[in-house]
Amino acid sequence: LDFPLHALCLGMCVHLAPIVLKAEGQASQLVHVTTGIRAGCMNAHQLARILLYNVLERAHIYHPESPLRVFFDDITQTHSGVGDEVYEQLAPAAANLVEDLESADQTISTKSCCVSSHPATATKIAKVINKILKDRGSKARIRMEKTTKDLGVKVTMGGKRFADVQKGRL
């Protein structure tokens, strides 16, 4: 990954250190960051990529037809295709991504894990993905949304571009 080991060790020390919140002259007790990335950490993006490297590499190797986009610790999976091809390729790719994240002990937000597309398409894909996850014993579930800001699968079926996913992040 070409990330300097010394910088990685220092970054991890800073990233994992407890924080104190200050407001109006008052200070909180120590707060330990346990999930997500630390706001203001200059290395947060690189640390998230290091943590997710194996998950991302596996997805790119086994499912190149459903590429991933990473925005800090958020992942968006996209797919272009027609008809049943989308269901046959995207559903297993999305289910494998969820399983790989679970295997890597990563927290998957139930509030933001969704399929974003035309409602009928998204509903069908979410059902297919959830069936695969349930059959594999995963507790994670995907829901349908019009747009997504976090972990999501964007399916357009030729109707719209996935720009609304990107716009929602900025």
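Predicted model: local features only at pLDDT ≥ 70, side-chain atom pairs only at ≥ 80, totals over all residues.

Reader: Where does N130 sit, and is it buried or exposed?

Author: N130 belongs to helix α4, residues 119-135. Buried means under 20% relative accessible area, and N130 has 16%, so it counts as buried.

Reader: What about I129, buried or exposed?

Author: I129 is also found in helix α4. Its relative accessibility is 0%, so I129 counts as buried.

Reader: Let me zoom out. How many helices and strands does the chain have?

Author: Five helices and seven strands. Read from the N terminus, the order is α-β-β-α-β-β-α-β-α-β-β-α.

Reader: And which numbers describe the chain as a whole?

Author: Start with burial: of the 170 residues in the protein chain, 35% are buried. The chain exposes about 10,600 Å², with carbon and sulfur atoms supplying 57% of that area. For contacts, take those between residues at least 6 apart in sequence: 61% of them join residues at least 24 apart.

Reader: Now helix packing. What describes two packed helices?

Author: The angle between their axes and the distance between the axes. Here, the axes of helix α1 (residues 5-16) and helix α2 (residues 44-62) come within 11 Å and cross at roughly 105°. Angles of 65 to 115 degrees count as roughly perpendicular, so α1 is roughly perpendicular to α2.

Reader: Which residues make that contact?

Author: From α1 it's L8, G11, M12 and H15, and from α2 it's A44, L47 and I50. By class, the residues of this contact divide into five nonpolar, two polar and no charged.

Reader: What about L10, where is it placed?

Author: L10 is in helix α1. With a relative accessible area of 47%, L10 is partly exposed, because that class lies between 20% and 50%. L10 and N43 are 33 residues apart in sequence, and 9.9 Å apart in space from C-alpha to C-alpha.

Reader: I also see cysteines. How many disulfides are there?

Author: The test is a pair of cysteine sulfur atoms within 2.5 Å, and by this rule the count comes to zero.

Reader: Last one, the backbone. What is the phi of E24?

Author: E24 has a positive phi of about 50°, although it is not a glycine. Look for E24 in the loop between β1 (22-23) and β2 (26-27).

Reader: And is E24 buried or exposed?

Author: The cut-off for exposed is over 50%, and at 81% relative accessibility E24 counts as exposed.

Technical notes: Residues numbered from 1 in each chain as written. Heavy atoms only, no water. Axes fitted to C-alpha atoms, helices over the stretch in contact; angles between N-to-C directions. Helix = DSSP H or I, 4+ residues; strand = E, 2+ residues; numbered from the N terminus. Parallel < 35°, antiparallel > 145°, perpendicular 65-115°, else oblique. Contact = heavy atoms within 4.5 Å. Nonpolar A, V, L, I, M, F, W, Y, C, P; charged D, E, K, R; others polar. Buried < 20%, exposed > 50% of the residue type's maximum accessible area, 1.4 Å probe, protein only. Areas by Shrake-Rupley, 256 points an atom, 1.4 Å probe, with all protein chains shown as cover.
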